[in-house]
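Reader: I have a structure open and want to learn to read it. Can we go feature by feature?
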Amino acid sequence: MSATTDTNLETNGAEGTGHSQEYLTFVLADESYGIDILKVQEIRGYDAVTKIANTPEFIKGVVNLRGLIVPIVDLRIKFGLGNVVYDDFTVVIILNLNGRVVGIVVDGVSDVMNLNGNQVRTVPDIVSSIDTKYITGLATVEDKMFILVDIEQLMTSDEMALMDSAVVH
Amino acid sequence: MTIDMSQFYEVFFDESEELLAEAERLLLGINIENPDSEDLNAIFRAAHSIKGGAATFGFMDMTEITHVLENLLDKIRKNEMALTAEHVDAFLAAKDVLKMELDGHRLATAVDLEQVADVKMTLKSLSEAGGVEIKPAPVATPEPEVVVAPVVEAPVAAAPEPAAQVEGGIQIFNIALPEITEKDLANLQEELGLLGEVASSKQENGRYVFTLTTDSSQSDIISICSFILDPNDLVITLNAPAVTSATASAAPVATAVPAADPGYGLFSEEVKSTPTAPVVEESNSDSKVKIHEEVGYGLFTKPGEEAVEEGYGFFAPFAPHKDAVKTELIGDDTPVTAEAKAATAEVAASKPVTPAAATENKTPARRETDKAPAASAETSSIRVGVEKVDQLINLVGELVITQAMIEQRVSKLDPINNENLINSVSQLTRNTRDLQESVMSIRMMPMDFVFSRFPRMVRDLAAKLGKKVEFVTVGATTELDKGLIERIVDPLTHLVRNSVDHGVESPEKRKATGKPETGKLTLSAAHKGGSIVIEVTDDGAGLNRDKLLAKASANGLQVSESMSDTEVFNLIFAPGFSTAEVVTDVSGRGVGMDVVKRNITSMGGTVEIRSALGYGTTISIALPLTLAILDGMSVSLGESLYVIPLNLIVETMQPKMEDIKTVTNEGLMIHVRGEYLPIIPLYALFKQETEIMHPTEGVLIIIEAEGKKAALFVDALVGQQQVVIKSLETNFKKIQGVSGATIMGDGSVALILDVPTVIKMGQCNLKEGVYS
């Protein structure tokens, strides 16, 4: 993203009335996604991951994050998007979801943007690889659509098999 | 500077619990015919300290029990009454009630009031049954109460019942406060409100005076006030309508002495308190009583260390004070106080010599010893929250990992050019190890912590079941991680109960089989390699193999005559399995043993049963020393590393082709020393890619858990090392076959195998034919 977009976004944010929220946006193939920035702990490169047996393919394994054992989920595999390669440019967003630390692999992190309520549209009934209940809305900024994801709900869902409840289920 | 009383509750609860446990230990060990006076004193002190604490915090129910308990104990330790088994039982019952009340306050659990009343009655009747109740000598029998001080009970013979402090009666105190902030004032009023009705009024000089209507004693008021302000700045006067005549006057003085808490006296400054006398005058007209109180406190208000060293020397000048009081009665208030002050000063200067003073001195001396255990315990140990220790352990764990990383990186450097660095790093390694060991030892607690609760339980159980059991503990000083100590209590309780109930036979039965009537139950703990082994041994009937097998087949379990003894004995761990013919409230319901097994397994431990019919049973629990660190063998599989707990590894080997056997060309087995063990290929189990596909190319690790052995097939052994266990569940979830993870020297994550589950998974896998 260029600096111009950035300024535009800020003006957009300032103009808006109502509730505004900051989002971290990232790219998966041609789609742009936005997640609540308060859930993001840090962004780092992709390290050697210790594979874990008998887990879904999108759970890449666990890494050592300064002494914490953190599971890594490849959203590209989960969403069936993007180019699943691991190199020096692969980005991991470390999320802190209510004390639980989880990493997600994405194609690239693009920006931080401020969106207010009237920029966000509801999601129509569509079929996608993730349940639409985890999509809080769609935002349009400069003719570009951002898919806003409730990342906490998504990551803690049974679908992601990241929690113990998923096993029970 | 308000201090919330509740923040001290925990300390009181902890301390009381320790004291109760100590008292129980002493009671159980006491020789009834010839009790050791030291023990009696120690029990008395425990009861006394609890009473003091309970009164301070306003737990009156506990105070009441400890009070009667104390009275009885006092008689016994003074040889006014002989100790009987009945007494010991009553004391133990009292201890239980106190514990119940303590839990009631602490955990808000239910308190059986009937039981409380029963125990109180028993203690009281025992106390009265004591025959000759010697009226103690006036001063020589000091009332031991410190805080609660229902002064009336102080047997000050010289005095008629001190009218000022009627037993249980409602009294009105006037409390003149120094200048304090509005906030403190409100807090104080609230605190005092717990004692009774409080009314506050503002004086002309801007100070406040509280009028407190309460049945609590003055020292209670002081105790409460002292949390908010300096008690010396307080002027408490009794607005007692009960004081009838000046003849009673000697009494209040006498009582005032023991009533006041020397603990507070220590902080007092006489100089301060004396000038407050005029204030009193302003605020209260009932001058006589007031002054007695004043003087009473004056006695204690000697500042400083001198007084402490002399064992509260200020008690000594009893006679001079009396004089002072007398003078005061005739004369003006102020001079009297001054005189009292002079007298105190005098005493402080010269050591007490009069016999009266000497005897009186015993009171504070004993009080001091009362406090001694707490004080000395404080100097030799500190109370630290477990979470703080855990945090420390975690940090040290991180340090160990970092240190390992540095070490690994340094090892790649040129040893000649970097000699100094390498030396420093090796020093760091040593220091880190030492640090780690020291930190781990913080969490270590002696097994005595667990063992100490069993003598009582065994005693009660044996009595209930009409059995005679001698209980022996061995290795109570063996140390174990606190986390494990707490979790081992329940399983051990089950096992000990079982041993008493099912293991040890009735005296008649024992006699018939030629055994001594008294059965022996041994609880032992010992270090064995990297684990601690706890054993419950009884010399009872032993497990009956045939009966177990019959019961098992009746319960629909798969059994056969050819099962080994170990396998048969392990049947008792099956849920709902009990061979007891009669279900008692002690045991025999068949719940329990499976829970025992589960608990111990979840701690990373193992249970083993050894038994000989007619000779007894030993249940042996092996636990890792700590939960945080594990001695492991790291093995490689493809690109990954796995850690196997060392204590579960029997041996490792590189198999020969001819030792590897198959069944229907599928189930791989290895023939080791006459045994056929299933081979579990880890790569198949964990779906890991590796180039080594045949056992002869890799390494077989014979693992054993829950009595089952298997050969785990991995690529290669990497090395033996201590690893810090990290939970996978913190951020992720439980993975089958993996008990946790650890961080290796290079920063990568290695999974720790859950050996029992791996063996089970391996069996499923083999059955399903995953490996082919």
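Predicted model: local features only at pLDDT ≥ 70, side-chain atom pairs only at ≥ 80, totals over all residues.

Reader: At what angle do helix 20 and helix 21 of chain B pack?

Author: The angle is about 30°, and the axes are 10 Å apart. Helix 20 covers residues 454–465 of chain B, and helix 21 covers residues 482–503. Angles under 35 degrees count as roughly parallel. Therefore helix 20 of chain B is roughly parallel to helix 21 of chain B.

Reader: Which residues of helix 20 and helix 21 of chain B make the contact?

Author: Helix 20 of chain B brings residues including B:Phe454, B:Met457 and B:Leu461. From helix 21 of chain B come B:Val496, B:Arg497, B:Val500 and B:Asp501. By class, this contact has eight nonpolar, no polar and two charged residues.

Reader: Are helix 2 and helix 3 of chain B roughly parallel or roughly antiparallel?

Author: Read the angle again. Helix 2 (residues 37–57) and helix 3 (residues 60–77) of chain B pack at about 155°. Their axes are 9 Å apart. Angles over 145 degrees count as roughly antiparallel. So helix 2 of chain B and helix 3 of chain B are roughly antiparallel to each other. Helix 2 of chain B passes helix 3 of chain B in a left-handed crossing. Among the contact residues are B:Phe44 and B:Ile50 of helix 2, with B:Leu69 and B:Leu73 of helix 3. The contact residues divide into 11 nonpolar, six polar and four charged.

Reader: How many helices and strands are there in chain B?

Author: Chain B has 27 helices and 22 strands. Of its 772 residues, 39% count as buried. Chain A has four helices and 11 strands. Of the 169 residues of chain A, 33% count as buried.

Reader: Now strands. How do I read a sheet?

Author: Strands of a sheet pair through backbone hydrogen bonds, either parallel or antiparallel. Then read the strand order. Chain A has an open sheet of six strands, in the order 8-1-2-11-10-9, with mixed pairing.

Reader: Which strands of chain A stand at the edges?

Author: Strand 8 (108–116) and strand 9 (120–121) of chain A do. Each has a single partner strand, so one side of each is left without a neighbour in the sheet.

Reader: How many bridges join strand 10 of chain A to strand 11 of chain A?

Author: Six bridges join them, and the two strands run antiparallel. Strand 10 spans residues 135–141 of chain A, and strand 11 spans residues 144–149. A:Leu138 stands opposite A:Ile147 in strand 11 of chain A.

Reader: What do strand 4 and strand 5 of chain A form?

Author: They form a hairpin, with two residues between them. A:Arg66, in the turn, has a positive phi of about 45°. The two strands pair in the antiparallel sense over six bridges. A:Ile59 stands opposite A:Val73 in strand 5 of chain A. Strand 4 of chain A is mostly covered, with six of its seven residues buried.

Reader: Last, the interface. How many residues of chain A are in contact with chain B?

Author: 22 residues of chain A are in contact with 24 residues of chain B. On the chain A side, strand 4 (59–65), strand 5 (68–74), strand 7 (100–106) and helix 4 (164–168) each supply at least two residues. Strand 5 of chain A gives the largest share of that side, four residues. The residues of the chain A side divide into 15 nonpolar, four polar and three charged.

Notes: Residues numbered from 1 in each chain as written. Chains lettered and ligands numbered in written order. Buried ≥ 20, exposed ≤ 12 C-beta atoms within 10 Å, placed from the backbone. Contact = placed C-beta atoms within 7 Å. Nonpolar A, V, L, I, M, F, W, Y, C, P; charged D, E, K, R; others polar. Pairing = 2+ DSSP bridges. Axes fitted to C-alpha atoms, helices over the stretch in contact; angles between N-to-C directions. Parallel < 35°, antiparallel > 145°, perpendicular 65-115°, else oblique. Left-handed = near helix turned anticlockwise from the far one by under 90°.
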